[in-house]
Amino acid sequence: MQDPNEDTEWNDILRRKGILPPKETPKDDEEEEEELARQQQSVVKTYESMTLDELEENEDEFGEEDEAAIEMYRQQRLAEWKATQIKNVFKEVVEISGIDYIKEVNKAGEGIWVVLHLYKQGIPLCTLINQHLSALARKFPQTKFLKSISTTCIPNYPDRNLPTIFVYFEGEMKAQFIGPLVFGGMNLKLEELEWRLSESGAVKTDLEENPKKQIEDKLMSSIRSSLPTRKDSDSEDEDY
């Protein structure tokens, strides 16, 4: 049987009659390079909507031919992320009033966590929390820490609700801590406040567990050690 792809005069006649399909012309090197470039561009587009975390999660699903494009895009996204981190460095607690609220909280920006402390001067626990927040602002510079005298931010806000901390992400409230009992009074430690804020997502703490739990465990251990054992109790009963 004659090969239909063979370059013969008879096959040329059959192609002209439409009996055989037209013969494919081989692509030259320039055309092949253009095709490869188009493929690479289409590959990159599939990753454009992915974050760095999503790229890591889906890494096993990509083929070897995708690795160069993925790495290029990863480096691009990493550079953008670093630029954002450099731009969004706060490092201090900023005082605001009610007229600043929309700008500083609701329009804080994409990916920005905001911690707002409503306080009043003369309330010791408010003063303590402001001191703790100053330390946390230096430790977590990518989080925006704000403070405001309660009634200048929210008219007629009751003093019984102070101190109050609101946590926002991209303008949406994520957590609220209202009143002295929530904070445990003047015994509130810096690490305990850090843990509370980390639970809301506002900061990424390096604490491995709730420091309040450690204190409670030590307290319970101390109570248990001070209680008489059953053997001691029985021996005391025999003395009577």
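The dialogue below goes from the whole chain to the sheet, the loops and the aromatic rings.

Mentor: This is a predicted model, in which local features need pLDDT of at least 70 and side-chain atom pairs count only at pLDDT 80 or more, while totals for chains, interfaces and linings use all residues. Residues are numbered from 1 along each chain as its sequence is written, and side-chain values use heavy atoms, with hydrogens and water left out.

Trainee: How many helices and strands does the protein chain have?

Mentor: Helices (H or I, at least four residues) and strands (E, at least two) are DSSP runs, numbered from the N terminus. Here the protein chain has 11 helices and 5 strands.

Trainee: What share of the residues counts as buried?

Mentor: Buried means under 20% relative accessible area, exposed over 50%, and partly exposed in between, with a 1.4 Å probe and protein chains only. In this chain of 240 residues, 30% are buried. Cys126 is one example, since its relative accessibility is 1%; Cys153, at 13%, is also buried. A disulfide is a pair of cysteine sulfur atoms within 2.5 Å, and a search of the whole structure finds 0 of them.

Trainee: In what order do the strands of the sheet lie?

Mentor: Two strands pair if DSSP finds at least two bridges between them. The 5 strands form an open sheet with mixed pairing, in the order β1-β3-β2-β4-β5. β1 (93–95) and β5 (172–178) are at the edges with a single partner strand each, so one side of each has no neighbour in the sheet. Within the sheet, β2 (residues 113–119) and β3 (residues 144–149) are parallel and share 6 bridges; Leu118 has Ser148 of β3 as its bridge partner.

Trainee: Which helix lies across β1, β2, β3 and β4?

Mentor: For angles, axes are lines fitted to C-alpha atoms, for helices over the stretch in contact (heavy atoms within 4.5 Å). The angles run from 0 to 180 degrees between N-to-C directions. Helix α6 (residues 124–139) lies across β1, β2, β3 and β4 (164–169), at about 160° to β2.

Trainee: What is found in the loop between α7 and β4?

Mentor: A cis peptide bond, with omega about -5°, joins Leu162 and Pro163. The loop between α7 and β4 also holds Asn156, a residue other than glycine whose phi is positive, near 65°. Asn156 is exposed, at 75% relative accessible area.

Trainee: Where does Glu170 lie?

Mentor: Glu170 is in the loop between β4 and β5. Its phi is likewise a positive value, near 50°, and Glu170 is partly exposed, at 42% relative accessible area.

Trainee: How many aromatic pairs are there?

Mentor: Rings of Phe, Tyr and Trp (its six-membered ring) pair if their centres lie within 6.5 Å; planes under 30 degrees apart count as stacked, over 60 as edge-to-face and the rest as tilted. The count is 4 aromatic pairs. In one of them, Tyr101 and Tyr168 are edge-to-face, 6.2 Å centre to centre with 80° between the planes. Tyr101 belongs to helix α5 (residues 101–106) and Tyr168 to strand β4, so this pair ties together parts 67 residues apart in sequence. Phe166 and Tyr168 are also edge-to-face, at 6.4 Å and 75°.

Trainee: Which residues form one aromatic cluster?

Mentor: Tyr101, Phe166 and Tyr168 form the cluster. Tyr101 is partly exposed at 22% relative accessibility, Phe166 is buried at 8%, and Tyr168 is buried at 5%.
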